[in-house]
Amino acid sequence: MRKTQIIGGRMVQWYGSEVEYSSLPLHPLTLADLVKHGRPPLTTPQLLSSANFTLSILPARLAHRIQSLQNLPFIVVSNPHISKIHANYIHSLSTLLPWAQHEITSLEDEIKFTEVMADLVQTHSNTISILARGFLEARKYISPKEVTRFLDEHLRARIGTRLIAEQHLSLHFSSQPHAEIMHESDEAPGFIGVIDTKLKPARIVDHCANIVGEICELKYGVRPSVVINGEPDYSFAHVPAHLEYIMTELLKNAFRATVENGKEREPIEVTIAPKDLHGDANAGEGHSNVGSNIRNTKQGNTDIASGMFTGTSTSTSPTSDSQILPLKHSTPGVTIRIRDRGGGISPENLAHIWDYSFTTFNEDQASSTLSGGGSGSGMDALNAMTGAGGDGGNSLAGLGYGLPLGRAYAEYFGGGIEVKSLWGWGTDVYLKLRGVGRVDRERE
Ligand SMILES: Nc1ncnc2c1ncn2[C@@H]1O[C@H](COP(=O)(O)OP(=O)(O)OP(=O)(O)O)[C@@H](O)[C@H]1O
Ligand SMILES: [Mg+2]
């Protein structure tokens, strides 16, 4: 059954099956889900199983996002930017639906399916800045609280959707026939798709500190130094792109506060402390329950923003958990503390730091953006937006998405971010990330 609706001056069409998909419950995604097909180069059956797994979970996830967008006030979803995002989801789901009817059984089909995944990732790469712009323009019609509720869920869900699509893409490309001829892919020895099983947090911190340092110097003419201590040699299994995103955001905040507080001579201290996941029962023990306390609410699967109940953490997707290989040896994870002398956060501001679009950055510029001034000023603020995979980010601060989105990434696989402010002195930020099982052992 085909339905037509006019949204934002655009005619959109969708099929009855999309509504069906949006009523399917979603299950939490674990890092174990992503590594269960094995270490690349994958055999043909493994690659097909990755494609079919991907296909079994994406349509319902996209349909939930469409539903959630459609449940925004009509005038909000009619905004051209928000309606563009809605159209992108409709487009992606409609390219996937013909695939969802049957299993992928040949390499030829798998190649075509991979093209669909590439298109999906590409189509949604600028979502964050487009949505930010849309919600800025529609601010008269929707409260900041509702925007935060919608974005928190939507952007969390987007993390999972991207990860699933990118994992298949990455497994596909590292499993091409040429990969087998190459000697044991020296370039990325510890990688299983987008997961690095030997991820060294210190290396990411160093890389991000250089990038943020450059941006800081451009803006302020000075840059504080970063000192890494603790256990810089520690490595664990995680998604480097996620750590990179979070670390960039936290360092940007620390650099900006330090310089604005006139303390650029005081180094920012980053401490790498393995395994401290405070009272986490799973932390030291390696069992198959690596993702057992990962909840749907942390992954944006609950549709609270759209007022719909779509299942609990115990629900299963079309692919059941029983297909997930047990991970015998888990690496518990890491706590990274970022300590700055930036003067801390005032108690009244502290209450708002997790709201999307709460910022103390350049109020004049922000308000000229809000008043819908020239597109130039709007672009300045929007250029400050960053987002893992796609959205640019060459400003130190901007629209107040860094902390809430950073926390969404951290919480996605059961970690978290805590901010402790010593008002008048500085800020300590604790980033905790859980590792996935030590997959090297899987093959033994
Ligand atoms: N380390 C810190 N020291 C002092 N204030 C901080 C620190 N980290 C965050 N803040 C305060 O919290 C606010 C929100 O931070 P957040 O990272 O979410 O947004 P932003 O930095 O303003 O913009 P964006 O991160 O989107 O570029 C900041 O504007 C700042 O006032
Ligand atoms: Mg920030």
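Predicted model: local features only at pLDDT ≥ 70, side-chain atom pairs only at ≥ 80, totals over all residues.
Which hand does the crossing have where α3 passes α8, left or right? α3 passes α8 in a left-handed crossing.

Mean pLDDT for the protein comes out at 81, with 73% of the residues at 70 or more. Strand β5 (residues 226–230) has the highest confidence, at 98, and helix α14 (residues 375–383) has the lowest, at a mean of 39. Two stretches stay under 50 in pLDDT. One is residues 277–291, where the model has 30 contacts beyond four places in sequence. The other is residues 365–392, with 53 such contacts.

**Helix pairs**

| Helix pair | Axis approach | Crossing angle |
|---|---|---|
| α3 (residues 44–70) and α8 (residues 144–173) | within 10 Å | roughly 160 degrees |
| α5 (residues 80–100) and α6 (residues 107–123) | within 10 Å | roughly 170 degrees |
| α3 and α6 | within 10 Å | roughly 40 degrees |

Take α3 and α8 to begin with. Angles over 145 degrees count as roughly antiparallel, and the axes of α3 and α8 cross at roughly 160 degrees; α3 and α8 are therefore roughly antiparallel to each other. On the α3 side, the residues that meet α8 include Leu47, Ala51, Ile57, Leu58, Arg61 and Arg65. From α8, the partners include Glu153, His154, Ile164, His168 and His172. Sorted by class, the contact of α3 with α8 has nine nonpolar, nine polar and three charged residues.

Next up, α5 and α6. With the axes at roughly 170 degrees, this pair is also roughly antiparallel. Asn88, His91, Ser92, Thr95, Leu96 and Trp99 of α5 meet Phe113, Val116, Asp119, Leu120 and Thr123 of α6. That contact splits into five nonpolar residues, five polar and one charged.

The remaining pair in the table is α3 with α6, whose axes cross at roughly 40 degrees. That angle makes α3 oblique to α6, and the crossing is left-handed. Thr44, Leu47, Leu48, Ala51 and Thr54 of α3 make the contact with Leu107, Glu110, Phe113 and Met117 of α6. By class, there are six nonpolar residues, two polar and one charged in the contact of α3 with α6.

**Around ligand 1**

Which residues come nearest to ligand 1? Out of the 22 residues around the ligand, they are Asn253, Ala257, Thr359, Gly402 and Leu403. Helices α11 (240–260) and α15 (402–412) each supply at least two residues of this shell, and α11 has the largest share, with four residues. By class, the shell has eleven nonpolar, nine polar and two charged residues.

**Two backbone details**

A couple of spots are worth a click in the viewer. The peptide bond from proline 40 to proline 41 is cis, with omega near 0 degrees. Proline 41 lies in the loop between α2 (31–35) and α3. Over at serine 357, phi is near 80 degrees, a positive value in a residue other than glycine. Serine 357 is in the loop between α12 (347–350) and α13 (363–370).

How values were computed: Residues numbered from 1 in each chain as written. Chains lettered and ligands numbered in written order. Near = placed C-beta within 6 Å. Nonpolar A, V, L, I, M, F, W, Y, C, P; charged D, E, K, R; others polar. pLDDT = per-residue confidence, 0-100. Contact = placed C-beta atoms within 7 Å. Axes fitted to C-alpha atoms, helices over the stretch in contact; angles between N-to-C directions. Parallel < 35°, antiparallel > 145°, perpendicular 65-115°, else oblique. Left-handed = near helix turned anticlockwise from the far one by under 90°.
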